[in-house]
Amino acid sequence: MMETVWDLVVVGAGPGGYVAAIRAAQLGLKTAVVERRPPGELGGTCLNEGCIPSKALLESSWRYAQASSGAHAAHGIGVGDVTLDLAALMGRKADVVAGLSKGIAGLFKKYKVTAIQGEARLAGEGRVLVGESEFQAKCILLCPGSRPVELPGLPFDGERVISSAEALALTKIPKRLVVVGGGVIGLEMGSIWSRLGAEVTVVEALPEILPGIDVSVVRQAKRLFRKQGLTFLVGSKVTGVMGDAVSVTDAKGKKHALTADKVLVAVGRRPNAEGWGAETDENGFITVDDDYQTSLPGVFAVGDVIPGPMLAHKAMKEGVACVERMAGLETTVDYGRIPGVVYTHPEIAVVGRSEAGAKKRGIEVTVGQFPFLANGRARAGGEADGVVRVVAEKESGQMIGVHMLGPHVSELVAAAETAIGHGLTAAAFAEGIFPHPSLSEALEEAALAATGHTIHL
Ligand code: NAD
């Protein structure tokens, strides 16, 4: 029997890998995906222990917090005894994940992508080993993703010191949770467990949480998160954990101890770049050229394992670009317009430069801002905290950044991304007709503000 020669073997069925595989198959490439997780767990970290389960828990925990804090009373709604069944809440999360993973399996079937379960290794040019089986491939695409960074002195033990994966699957609500790292994971996981009743302290090494996001947005967000019950220790480092005592050194070098039954370490992720034999940069990422080709002939890489923000949507776009380029198209990814979202309440969403970031690069800017307090839809919904800030180049008026805090801004950022990606001026963007009443009017008004006036302020 003739051995199959695959046009493409993809390693890893996360957002980079599964999307690349689907697109490759659509383009006529005979495609297989090797994934080490069990067959029911296609979707990688994002689907199994990242983006999706965290959103399910954020939703459930928010509903619980709203019901139990009496937030419905303003609507004239009385709520009786509010109870929480953590197992049921986690069960719903598991169902969401399983359903979406099944969806990927269905897409593989539809587009004729073959899934192979096992740990892949490269075995020389055009050859992939999975256990004892060897697969021949014209092209190999590495999408092995990343793993949580471990801190010296605080190794993960899965019990006391945990990563985000375990924090998404706790079977008991911790009494006190210390979160090391005031980044995206720290805030999302901190919010979930604080809403469910844990006392949460976020310890951030830098002088401010969420580095890179507009400082006025971050400060306003932090005030709201504090009101929700989170405690922040900035400029501080966790140096060790002994039993339930967590040693912290503050900005002035003073040492003190916190008590915690769980310590979540969320200080970033490391690329799974080792063992492939491909060249890496000084930060440990696999280096690629414009075609996403690594230093190894016929071996490509996308997603968390190559430089750039570790975001599912970045990996997906790279996966598509990589295989479309294999098929002779000239697809590129515009790295200046990758949105970032923190799914707290309210949400934070950014795309392009912050005011400070632009100034640091010597770009003269005007900034238009508009508070949700002056937005009818936000007021009607009872969620009027937050602000939209539009950063435009002073001379041209071109929009180069939008940083927002507010209700559902994860949805608004798509419009901002389109405006920035297409080089629209703030004036041209504000010429658009925005539905009234809608949250999008805050974006319209912030763009107007960047041109010098607003209507509703
Ligand atoms: P992050 O880079 O977002 O934040 C890490 C934080 O930890 C930073 O603020 C950093 O200053 C701080 N830090 C580093 N070392 C520290 C130390 N020793 N003590 C205290 N603080 C320290 O990383 P993350 O939150 O771990 O997330 C990992 C990756 O996953 C990120 O690339 C993130 O974008 C991605 N992610 C994205 C989303 C989303 O898009 N909503 C959600 C979760 C994770």
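This is a predicted model: local features need pLDDT of at least 70, side-chain atom pairs count only at pLDDT 80 or more; totals for chains, interfaces and linings use all residues.
**Around the ligand**

Let's start with the ligand. It has 21 residues around it, and the closest are Ile185, Glu188, Glu204, Gly268 and Val341. Sorted by type, the shell holds 14 nonpolar residues, 4 polar ones and 3 charged ones.

| Residue | Protein atom | Ligand atom | Distance |
|---|---|---|---|
| Glu188 | side-chain N or O | nitrogen | 3.0 Å |
| Ala205 | backbone N or O | nitrogen | 3.1 Å |
| Gly268 | polar backbone atom | oxygen | 2.8 Å |

How much of the ligand does the protein cover? On its own, the ligand has 830 Å² of accessible area, and the protein covers 77% of that. Two elements each give two or more residues to the shell: α6, which spans 184-195, and β10, which spans 199-204. With 3 residues, α6 supplies the largest share.

**A sheet of 5 strands**

Next, have a look at the open sheet built from 5 strands, which run in the order β18-β19-β22-β21-β20 with antiparallel pairing. Which strands stand at its edges? They are β18 (340-342) and β20 (365-371); each has a single partner strand, so one side of each is left without a neighbour in the sheet. On average, and ignoring direction, neighbouring strands here are turned by 10 degrees against each other.

You can follow the pairing at one end of the order. There, β18 meets β19 (residues 347-352) in the antiparallel sense, over 3 bridges. Zooming in on a residue, Val342 has Ile348 in β19 as its bridge partner.

A helix also packs on this sheet: α13, made of residues 440-451, touches β20, β21 (387-393) and β22 (399-406). The direction of α13 makes about 145 degrees with that of β20.

How many bridges join β13 and β14? Strand β13 (residues 245-249) pairs with β14 over 5 bridges, in the antiparallel sense.

Terms used:
Residues are numbered from 1 along each chain as its sequence is written. Side-chain values use heavy atoms; hydrogens and water are left out. A residue is near a molecule or strand if one of its heavy atoms lies within 4 Å of it. A polar contact is a pair of N or O atoms within 3.5 Å; within protein, one must be able to donate a hydrogen and the other to accept it, and residues adjacent in sequence count only if both atoms are side-chain atoms. Accessible areas come from the Shrake-Rupley method with a 1.4 Å probe; for residues, only the protein chains shown count as cover. Helices (H or I, at least four residues) and strands (E, at least two) are DSSP runs, numbered from the N terminus. Ala, Val, Leu, Ile, Met, Phe, Trp, Tyr, Cys and Pro count as nonpolar, Asp, Glu, Lys and Arg as charged, and the others, Gly among them, as polar. Two strands pair if DSSP finds at least two bridges between them. Axes are lines fitted to C-alpha atoms, for helices over the stretch in contact, and angles run from 0 to 180 degrees between N-to-C directions. Contact means heavy atoms within 4.5 Å.
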